[in-house]
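Here are a few notes to keep beside you as you look at this one for the first time. Please turn the model around as you read.

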Amino acid sequence: MRSVAEIDGEEVNDGQTIEFKTEQQPRIAVVTDAVDVTSDTEANLAGSITEMVNTGEANALFEYRKTGTTGDTDSSPQVLTGPTSYNQTITGLDKGAEYEMRAKAVANDRDGVSDVGDWISWVNTYLPDNSMFSDPIYHWWGGSIAATDGETVNWDDGLTNLTATPSGSPVYRSGHSGFDAVEFSDTNPDYYSFESDGNLPTGQSAVSFAALVYLNGTDDETIVGYGAPNSDEAISMSVRQSSVSMSIKGSNRDVTAGSPSTGQWITVGGSASSASELAVYLNGVQKSSSTVNGTLNLQDTNRKIGYRYDNIEPMDGYLGELIISGADEAETAFSDYHTDRLG
């Protein structure tokens, strides 16, 4: 531009020509998105840079800390060149502790240009996804137990905060062959009696079980069972010497199949429908199904984990997880469950 002087419309003088350019005020904006707990000691933090104006690149990171403390810890920064979402897995967290975090972005080429999102909090307790089951009523998971390795524990229900009361000495085992679990012995025997809140399927209803187990021996092992022991209204899911079993007390009401392995983690499952169809699953694959005599009329009594309704066939091994569903689940649910837990 230059300045010009005119008289009667004629230019009589002009100033020096100078150059300039317009430039937006540099700014950056970031929001805190969510936390995904991936294990009892790890979490995945998510945030988004929503605006970058007149900045070449920015360091995107997270600040986190235990709730109620000061002195934030910064995650490793990621260099970003425009608005985008980002995440970071942080490790070394304390199981069951409450943390808080926020997203942060700092422009690398503009001193003082930065932004932070709102603080959000979470409790770092890992509970695996069970959305593959349509109606999960109870969900026990070894990783949800805050206990010392080897300690006798109550097993709190991850969904409804009910308590499974121990008999014998079932103990917590941290990270047994990769999974937190409860160890059962068949010599005491060890088992749990669990409460009911009226949600367990009763009457002519459907029910399904899914479990993550590690077996020590080859005896018949009961994972879960309940019902009146002296009637045709009791049901159990067991692992026998050469098969997985869904059993309803009474003649011709038993389905067995498969060859479960000992000394390694496996998934087992069973379903019973109101149409009297039983099915059993081993490592995500349906091994057998059958229509049995009569209709199901399950009774909400003698609820046990690791023992049958008639106090036989106690479990010997480790139970990492048990899901009880009030629906006759499809084969895809058990397949997805196995894939999610064991790949």
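1. A definition to start: on a 1 Å grid over the protein atoms alone, a pocket is an open set of points where a 1.4 Å probe fits, with protein on both sides within 12 Å along at least five of seven lines, and its lining residues have an atom within 4 Å of a point. The model is predicted, so local features need pLDDT of at least 70 and side-chain atom pairs 80 or more, while totals for chains, interfaces and linings use all residues. Residues are numbered from 1 along each chain as its sequence is written, and side-chain values use heavy atoms, without hydrogens or water.

2. The largest pocket is lined by Ser39, Asp40, Thr41, Lys95, Tyr126, Trp141, Gly143, Gly178, Phe179 and Asp180. Its volume is about 170 Å³ (the space filled by probe spheres set on the points, joined across faces, edges and corners). The lining has three nonpolar, four polar and three charged residues, with Gly counted as polar.

3. Now find strand β5, residues 58-66 (strands are DSSP runs of E, at least two residues, numbered from the N terminus; two pair if DSSP finds at least two bridges between them). With β9, residues 98-107, β5 pairs in the antiparallel sense over nine bridges, and Lys66 has Tyr99 as its partner there.

4. β5 also pairs antiparallel with β7, residues 78-80, over three bridges; Ala58 stands opposite Leu80.

5. Which strand forms a hairpin with β5? That is β6, with six residues between the two strands, and Gly68 in the turn has a positive phi of about 90 degrees.

Notes:
Helix = DSSP H or I, 4+ residues; strand = E, 2+ residues; numbered from the N terminus.
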